[in-house]
Amino acid sequence: MTEKKKKDKGIHIDLGLGGIFEGIEKLVDLASELKDIEQNGISKEGEINLDGLKKGMKGVYGFTVKSAIGGKPVVQSFGNIKKNTEKGTTDIDEIREPITDVFDEEKKICIIMEMPGVSKKGINVELKGDILEVSAETNRKKYSKEVLLNNKNLKKDNLTYQYKNGILEINIKK
């Protein structure tokens, strides 16, 4: 019996009788994954123990891919491992960049950040023109992020935020 195999991005299709059913099943699973990615985006992350560099230090890295207006993908990286393109090296910082979503709504801008392991007391939120600066620190974790908001008419007095279960929600009335 002759078998043909196709490998493309982790997909394996065997054209024998049993392989046809297996191939169809994998295509259905792939279509289901693509639909889920289109609706919810995809996110991958990991953690590296860096005790050799500094006791208790962890390297956190990841990315999120979402579908934007017009179906164009938007890739956002997060964590404390950054590629330094000027030097051609990878840098590890003690400060992590949180996953961030910005929703520009009719009457407000809503920013959601994932910052597990900190308390509300340790969070600092500042609005400087159209740039939102957020930082948080505990003795174990540090986060920092600057977000360009594309609206220069925002006022500090219209900013409110709440923190619950590792999620920081910031609302700025327009």
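Reader: Where is asparagine 165 placed?
Author: Asparagine 165 is in the loop between β12 and β13 (167-173). Strands here are DSSP runs of E, at least two residues long, and helices are runs of H or I, at least four, numbered from the N terminus. Before we go on: this is a predicted model, where local features need pLDDT of at least 70 and side-chain atom pairs count only at pLDDT 80 or more, while totals for chains, interfaces and linings use all residues. Residues are numbered from 1 along each chain as its sequence is written, and side-chain values use heavy atoms, with hydrogens and water left out.

Reader: Ok. Is asparagine 165 buried or exposed?
Author: Asparagine 165 counts as exposed, at 74% relative accessibility. The cut-offs are under 20% relative accessible area for buried, over 50% for exposed and partly exposed in between, with a 1.4 Å probe and protein chains only.

Reader: And what's its phi?
Author: Phi of asparagine 165 is near 50°, a positive value in a residue other than glycine. Asparagine 150 also has a positive phi, near 55°. Asparagine 150 lies in the loop between β11 (142-148) and β12 (159-164) and counts as exposed at 65%.

Reader: Switching topic: how many salt bridges are in the whole structure?
Author: Four. A salt bridge here is a side-chain nitrogen of Lys or Arg within 4 Å of a carboxyl oxygen of Asp or Glu. One of them joins glutamate 97 and lysine 145, at 2.8 Å from N to O.

Reader: Why does that pair tie together separate parts?
Author: Glutamate 97 lies in strand β6 (residues 89-97) and lysine 145 in strand β11, so the pair ties together parts that are 48 residues apart in sequence. Lysine 145 is buried at 10%, and glutamate 97 is partly exposed at 23%.

Reader: Which residue does aspartate 104 form a salt bridge with?
Author: Lysine 174, with the closest N and O atoms 2.4 Å apart. Aspartate 104 is in strand β7 and lysine 174 in the segment after β13, 70 residues apart. Lysine 174 is partly exposed at 44%.

Reader: Which residues are linked in a network?
Author: Glu126, Lys128 and Glu133 are linked by salt bridges. For glutamate 133 and lysine 128, the closest N and O atoms are 3.2 Å apart.

Reader: What about aspartate 130, where is that found?
Author: Aspartate 130 is in the loop between β9 (123-128) and β10 (131-137). Aspartate 130 is buried, with a relative accessible area of 15%.

Reader: Last one: how many bridges join β7 to β8?
Author: Six, and the two strands run antiparallel. Strands pair if DSSP finds at least two bridges between them. A hairpin of three residues joins β7 to β8, and aspartate 101 has isoleucine 112 in β8 as its bridge partner. β8 also runs antiparallel to β13, with seven bridges; there, methionine 113 stands opposite leucine 168.
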